[in-house]
Amino acid sequence: MQTAGLQKLTLVDFPGRVACTVFTAGCPWRCPFCHNAALVTPGDFPTYPAEDILSFLETRRGRLDGVAVTGGEPLLQTDLPDFLRAIRDMGFLVKLDTNGMYPERLRAVLDAGLADYVAMDVKNCPARYAETVGVPGFDPAPVAESLAVLRRGGVPFETRTTVVRELHTQADIEAMGAWIAGDQPHFLQVFRDGGGNLTQGLHPWDDKTMHALREALLPYLPGVAIRGE
């Protein structure tokens with residue numbers, strides 16, 4: 001289990017909970033807008049023993065409600081279930097972030113009762129998925145299967161999309177909405193250029209366009225909102 005960072009307190013990463021955030025190392029994708037770019041490429045980040053994270057959590061029993069596990073892509077870690085089980089055994093709730101690349105691993109986590117909330121990224125409409133995740137020829141079928149797993153899994157979940165001017169038109173957003181249509185909460189997230197993204201020179205859409213994109217999604221995703229509003 002490769003952990004690459006720990007935020008000791010968060011009030012936003014786990015909805016309605018006081019939590020900490022654990023960052024796992026590595027990701028199979030190379031999204032140009034990735035804000036955790038330092039966690040993506042093996043060798044670019046320091047890693048810490050999972051035991052150190054668990055030791056920290058021992059000191060936070062009764063003070064934190066839960067742990068948000070993000071990345072990178074947590075399900076890339078084949079021993080993630082053992083890590084989540086250890087967290088749950090200490091009495092913490094677990095929120096899992098995933099990009100949907102590993103539906104069978106996601107199913108195993110849910111079937112074992114190891115997650116209390118899941119946030120899954122949906123990067124774009126199918127026609128532009130490969131471009132958006134930085135993997136030529138990528139077939140987004142695993143993402144659709146992961147969404148189906150979540151809908152059958154009985155665990156509260158949300159979907160979310162980071163919107164980048166160079167990658168998302170209104171037509172793209174509408175096609176994405178038709179693809180993942182459902183009653184789950186869906187969040188549009190404004191792209192932020194923090195200087196550490198994988199690709200430089202990308203831009204956010206303005207507020208007016210973001211609200212137009214939200215309106216375009218309403219027929220498909222009635223629970224859509226702009227993150228932070």
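**Close-up views of a predicted model**

**View 1. Aromatic cluster around Phe 138.** Across the whole structure, a search finds four aromatic pairs; rings of Phe, Tyr and Trp (its six-membered ring) pair if their centres lie within 6.5 Å, and planes under 30 degrees apart count as stacked, over 60 as edge-to-face and the rest as tilted. The model is predicted: local features need pLDDT of at least 70 and side-chain atom pairs count only at pLDDT 80 or more, while totals for chains, interfaces and linings use all residues. Residues are numbered from 1 along each chain as its sequence is written, and side-chain values use heavy atoms, with hydrogens and water left out. The ring centres of Trp 29 and Phe 138 are 5.2 Å apart and the planes stand at 70 degrees, so this pair is edge-to-face. Trp 29 belongs to the loop between strand 2 (19-24) and helix 1 (50-58), and Phe 138 to the loop between helix 4 and helix 5, so the pair ties together parts that are 109 residues apart in sequence. Helices (H or I, at least four residues) and strands (E, at least two) are DSSP runs, numbered from the N terminus. Phe 138 also faces Tyr 129, with ring centres 6.1 Å apart and planes at 35 degrees, so that pair is tilted. Trp 29 has 2% relative accessibility and counts as buried; Phe 138, with a relative accessible area of 13%, is buried, as is Tyr 129 (buried means under 20% relative accessible area, exposed over 50%, partly exposed in between; 1.4 Å probe, protein chains only). Trp 29, Tyr 129, Phe 138 and Trp 179 form one aromatic cluster.

**View 2. Strand 4 and its two parallel neighbours.** Five of the six residues of strand 4 (residues 93-98) are buried. Strand 4 runs parallel to strand 3 (residues 66-70), joined by four bridges, and parallel to strand 5 (residues 117-121), again through four bridges; two strands pair if DSSP finds at least two bridges between them. Val 94 in strand 4 is the bridge partner of Val 67, and Lys 95 stands opposite Tyr 117 in strand 5. Strand 3, helix 2 (residues 80-89) and strand 4 make a right-handed β-α-β unit, as do strand 4, helix 3 (residues 103-111) and strand 5. A crossover is right-handed if, with the strands pointing away from the viewer, the path from the first strand over the helix to the second runs clockwise.

View 3. Most peptide bonds are trans.

**View 4. The buried face of helix 5.** In helix 5 (residues 141-153), Val 143, Ser 146, Leu 147, Val 149 and Leu 150 are buried. Seen down the helix axis, the buried residues of helix 5 fall within an arc of 155 degrees, so they line one face; the arc is that of the directions from the helix axis to the C-beta atoms. They pack against helix 3, strand 5, helix 4 (129-133), strand 6 (157-163) and helix 6 (170-180), where contact means heavy atoms within 4.5 Å. Gly 154, which follows helix 5, has a positive phi near 75 degrees.

**View 5. The buried face of helix 6.** Asp 172, Ile 173, Met 176, Gly 177 and Ile 180 are the buried residues of helix 6. Viewed down the axis of helix 6, they fall within an arc of 135 degrees, so they line one face of the helix. Their cover includes helix 5, strand 6, strand 7 (186-190) and helix 7 (207-217).

Note on methods:
Expected span 1.5 Å × (residues − 1).
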